[in-house]
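Here's a walk through a two-chain model, one chain at a time. Have the viewer open as you read.

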Amino acid sequence: MRREKIRALAPLEQPRSAEELRVRQLRARDLLRGDLEGEDLEKHVEDSVLATSLEKVLNWGRSNAIFPATFGLACCAIEMMSIVSPRYDIARFGAEAMRASPRQADMLILSGRVSIKMAPVVRRLYDQMLEPKWVIAMGACSSSGGMFANYAVVQGADKFMPVDIHVPGCPPRPEALLYGFNKLQRMIRGNPDPGWRTRHNAAGTEEWAREEAIVAGGMEEYERARQIALEAPDA
Amino acid sequence: MPDAPGLELIAQELNDAHAGAVIETYHEHEQACLIVDPGQVLAVLGWLRDTPGEEYRFLASLHAADYLPAEPRFGVHYELLNMHRVERLRVRAAVADPGDGELPELDSAVELFPTAEFQEREVYDFFGIVFRGHPDLRRILMPEEYVGWPLRRDFPVGGEPVIFTHNERQVPRWYE
């Protein structure tokens with residue numbers, strides 16, 4: 001029932017018989033030759049072209065080709081490692097390419113408690129990642145401090161960086177992390193930027209953006225110095 | 001391990017060498033401990049290290065404890081070890097809290113036992129006990145700009161109050 005509904009909605013219909021398939025194949029051949037005209041051409045376009053917006057295709061691609069950073073903080077990292085194993089297999093969702101450098105990664109999984117000495121390091125790693133980037137806070141500790149209500153641990157990683165998905169658990173099972181990852185994919189397909197980055201003052205913190213700002217600032221200074229030099233009387 | 005009479009002998013000889021150095025002794029759970037005057041702790045450690053027949057040459061550990069509300073409040077523990085006889089002896093310097101936000105002070109044992117350097121930094125880091133004569137006394141585990149002495153008993157536990165359904169009414173406007 002549900003499948004039929006989906007099929008009715010889909011613009012690309014399956015050929016109902018072998019004859020129809022043959023007709024389509026011949027039409028496609030004619031198109032390639034440049035022989036297709038008029039009603040046949042219209043029918044061919046109707047059969048084979050799916051209209052969508054570029055944004056949607058882009059986000060669909062992004063959500064299915066995420067490179068997570070190889071990054072573990074504590075015991076949750078053990079559970080995180082097993083999502084790449086054949087048993088759980090995050091490759092089903094296209095995120096099996098763990099990147100050892102933040103510059104190549106799209107997603108950071110905060111797997112464990114963040115101590116106050118580690119927080120600046122984590123933030124720096126996040127800033128080094130290229131846009132678009134996403135963060136999953138895995139487990140109770142990185143979401144809220146968890147059982148470590150003490151002087152050494154940051155009470156929730158979203159105090160110092162934007163977090164897109166919180167996965168509860170202590171530690172969460174790999175299935176839970178995969179579910180959180182699926183939620184993230186759905187989020188990326190819907191609206192890739194919920195505005196949290198601006199709230200956490202993390203927009204424009206990428207190093208290239210910073211360098212551009214420095215260059216712009218440098219130009220201003222240069223212009224000011226030039227003006228002073230031009231206005232000064234000759235010695 | 002010096003047994004209880006052996007510990008008393010050591011305490012007596014120490015008091016003969018340095019008057020008033022040993023305040024108290026105790027021998028519990030097969031552990032021997034000398035509680036000493038913090039002003040003479042270096043003399044005691046040096047005597048235990050160098051006197052023939054004692055020769056506790058190895059400082060196995062240096063750590064502190066906060067005994068609040070006991071007075072004197074802090075104890076700095078030196079765990080000494082004689083490697084030949086495999087005998088352990090604990091020396092506890094009973095350090096009082098000067099109060100008024102001032103930090104308690106104690107002589108540094110780095111001259112006698114170089115291994116004390118990092119351990120004294122750790123004690124300073126967590127209890128705020130200043131070691132006079134330490135070559136480089138700064139925080140070792142906490143961030144250097146950290147304020148407070150987190151392992152003191154009057155240091156707040158920290159964290160954030162957790163709202164459960166049974167106590168959400170006791171925390172006004174928790175949802176903000």
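## Chain A and chain B at a glance

In chain A, 76% of the contacts with a separation of 6 or more are between residues 24 or more positions apart (a contact means that the C-beta atoms, placed from the backbone, lie within 7 Å). Bear in mind that this is a predicted model, so local features need pLDDT of at least 70 and side-chain atom pairs count only at pLDDT 80 or more, while totals for chains, interfaces and linings use all residues. Residues are numbered from 1 along each chain as its sequence is written, and chains are lettered from A and ligands numbered from 1 in the order in which they are written.

Chain A has ten helices and three strands, where helices (H or I, at least four residues) and strands (E, at least two) are DSSP runs numbered from the N terminus. Read from the N terminus, the order is α-α-α-α-α-β-α-β-α-β-α-α-α.

Now for the sheets. Two strands pair if DSSP finds at least two bridges between them. Here are both sheets side by side.

| Sheet | Strands | Order | Pairing |
|---|---|---|---|
| Chain A, open | three | 1-2-3 | parallel |
| Chain B, open | five | 1-2-5-4-3 | mixed |

In chain A, the edges are strand 1 (107-111) and strand 3 (165-167), each pairing on one side only. Neighbouring strands there are turned by 15° against each other on average, direction ignored; axes are lines fitted to C-alpha atoms, for helices over the stretch in contact, and angles run from 0 to 180 degrees between N-to-C directions. Strand 2 (residues 134-138) of chain A runs parallel to strand 3 of chain A, with three bridges between them. Ala137(A) has His166(A), in strand 3, as its bridge partner. Helix 8 (residues 174-190) of chain A packs on this sheet, touching strand 2 and strand 3, and its direction makes about 165° with that of strand 3.

Arg186(A) sits in helix 8. It has 10 C-beta neighbours inside 10 Å, so Arg186(A) counts as exposed.

Elsewhere in chain A, the axes of helix 2 (residues 18-33) and helix 3 (residues 38-48) come within 10 Å and cross at roughly 110°. That is why helix 2 of chain A is roughly perpendicular to helix 3 of chain A (the class covers 65 to 115 degrees; under 35 is roughly parallel, over 145 roughly antiparallel and the rest oblique). On the helix 2 side, Arg24(A), Arg27(A), Ala28(A) and Leu31(A) meet Asp40(A), His44(A) and Asp47(A) of helix 3.

Over in chain B, the edge strands are strand 1 (22-28) and strand 3 (58-66), each pairing on one side only. The twist averages 20° from one strand to the next. Strand 3 of chain B runs antiparallel to strand 4 (residues 74-82) of chain B, joined by eight bridges, and His63(B) has His77(B) in strand 4 as its bridge partner. Helix 3 (residues 116-127) of chain B packs on the sheet against strand 3 and strand 4, at about 5° to the direction of strand 3.

As for the two chains together, seven residues of chain A are in contact with six residues of chain B.

Methods: A residue is buried if 20 or more other C-beta atoms lie within 10 Å of its own, exposed if 12 or fewer, and partly exposed in between; C-beta atoms are placed from the backbone.
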